[in-house]
Amino acid sequence: MRNGIRYSLLALALHMPVSGAADYPTRPVRIIVGFPAGSGTDMLARFVGTKLTDRLGKQIVVDNRPGANGIIAAELTARALPDGHTLQFMSISHTMNAAVNSKLPYDAVRSFTPVMTLATGPLVLVANPNFPANGVQGLIDLARSKPNTITYAVSGTGGINHFAGALFSRIAGVRLVNVPYKGGPQALTDLVSGQVQVMFGTAAITLSQVRSGRLKALGVSSAKRSSLLPDVPTIAESGAPGYEMSIWWGAIAPAGLPAAIVSKLNTEISQILGQPESAQHLAADGAVPSLSGGAEFGRMLTAEVEKWRRVAREADIKAE
């Protein structure tokens, strides 16, 4: 009965008149974010939202709906009307949720209209200052000599740092112990205090700790060195050849969003993120603009879901 009501409402919504790009938007636009205020996704949404308010002439409202690694936010987005007045700014975790959970209340690809990619950035492999290894190769050597003794913090099972550690373990041929937390701040606190030893963290939350000396950087996850940490080698060049992983952010909307509105959002957001001011803002968090349109983003989403499903199978990562 519940599913029948849901599908009836969806059918009704799809037959309701939807404004075209010429008069879009006709009211405030909500950007749903599945993470708390102050997170990387939230800060990106607020930065773009402020600029978009000026360009579209309607208020952009950021609606934080944290929980379940972004699943709550994605479900809200999937159920909204496809009229462009509800968007979601999401990250790579959207595809990882699909990789570890076969019973999501939506389809990670088909339930959404991919609007565009927004930015990308590296993860930083950081360690407590008292950790005996000072580089990736030292970590690998230590892990091989003492299997299942080195702990790495993860902000929830199946999250980005969990997958980053699993991929590292597979490529480096080591066995690390993941310690799950309810979120990044708690994980970072225990890393700084020495309760856990290492973490694959976003640049946004690790850079200040590295610069203050409260953590030390062992390597960056991207294919090339980060301009923010030019002296820190990539993980691939310093002990784990072939390792590459970056966090990315994108904008999605409910399935069925008219192509004209997708195009308008692409144009407006691309112009915002194409400004030097935007590049400087993103660089402060270790990210760079990365702009791909809806069709290309859609293909990327499909590929990412399959990629992380393979890693999840091999590392036996399952939803809690």
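Which element gives the largest share of the lining of the largest cavity? The largest share, three residues, comes from α2. The legends below describe this cavity and other close-up views of a predicted model.

**Figure 1. Lining of the largest cavity in the predicted model.** A search of the whole structure finds two cavities of 30 Å³ or more, and the largest has a volume of about 120 Å³. Its lining consists of 15 residues, and those nearest the centre of the cavity are Gly40, Trp249, Leu282, Asp285 and Ala287. Two or more lining residues are given by each of α2 (40-56), β4 (112-127), α8 (203-212), β9 and α10 (276-283). By class, the lining of the largest cavity comprises nine nonpolar, five polar and one charged residue.

**Figure 2. Lining of the second largest cavity.** The second largest cavity holds about 50 Å³ of space. The residues that line it are Gly34, Phe35, Asn69, Gly70, Ala74, Gln88, Met90, Ser91, Ser93, His94 and Asn97. Strand β3 (86-91) and helix α4 (93-100) are the elements that give two or more residues to this lining. Eight of the lining residues are polar and three are nonpolar, with no charged residues present.

Figure 3. Helix α6 spans residues 160-172 and has 13 residues. From its first C-alpha to its last, α6 reaches 18 Å, close to the 18 Å expected at 1.5 Å a residue. The buried residues are Ile160, Asn161, His162, Phe163, Ala164, Gly165, Ala166, Leu167, Phe168, Ser169 and Ala172. Gly173 follows the helix and has a positive phi, near 70 degrees.

**Figure 4. Aromatic pair of Phe163 and Trp308.** Seven aromatic pairs are found in a search of the whole structure. In the pair shown, the ring centres of Phe163 and Trp308 are 5.3 Å apart and the ring planes meet at 65 degrees; because this angle is over 60 degrees, the pair is edge-to-face. Phe163 belongs to helix α6 and Trp308 to helix α11 (residues 294-315), so that the pair links distant parts of the chain, 145 residues apart. Phe163 has a relative accessibility of 0% and counts as buried. Trp308, at 1% relative accessibility, also counts as buried.

**Figure 5. Aromatic pair of Phe168 and Phe200.** The rings of Phe168 and Phe200 form a tilted pair, 5.7 Å centre to centre with 55 degrees between the planes. Because Phe168 lies in helix α6 and Phe200 in strand β7 (residues 198-202), the pair ties together parts that are 32 residues apart in sequence. Both Phe168 and Phe200 are buried. One aromatic cluster is formed by Tyr152, Phe168, Phe200 and Tyr243.

**Figure 6. Ser238 and its contacts.** Ser238 is located in the loop between β8 (216-220) and β9 (246-254). With a relative accessible area of 17%, Ser238 is buried, because the cut-off for buried is under 20%. Not counting residues up to four places away in sequence, Ser238 touches Val136, Gln137 and Pro233.

Notes: Residues are numbered from 1 along each chain as its sequence is written. This is a predicted model: local features need pLDDT of at least 70, side-chain atom pairs count only at pLDDT 80 or more; totals for chains, interfaces and linings use all residues. Side-chain values use heavy atoms; hydrogens and water are left out. Helices (H or I, at least four residues) and strands (E, at least two) are DSSP runs, numbered from the N terminus. Buried means under 20% relative accessible area, exposed over 50%, partly exposed in between (1.4 Å probe, protein chains only). Contact means heavy atoms within 4.5 Å. The expected span of a helix is 1.5 Å times one less than its number of residues. Rings of Phe, Tyr and Trp (its six-membered ring) pair if their centres lie within 6.5 Å; planes under 30 degrees apart count as stacked, over 60 as edge-to-face and the rest as tilted. On a 1 Å grid over the protein atoms alone, a cavity is a set of points where a 1.4 Å probe fits but cannot get out, and a pocket is an open set with protein on both sides within 12 Å along at least five of seven lines; lining residues have an atom within 4 Å of a point. Grid points are joined across faces, edges and corners, and a volume is the space filled by probe spheres set on the points. Ala, Val, Leu, Ile, Met, Phe, Trp, Tyr, Cys and Pro count as nonpolar, Asp, Glu, Lys and Arg as charged, and the others, Gly among them, as polar.
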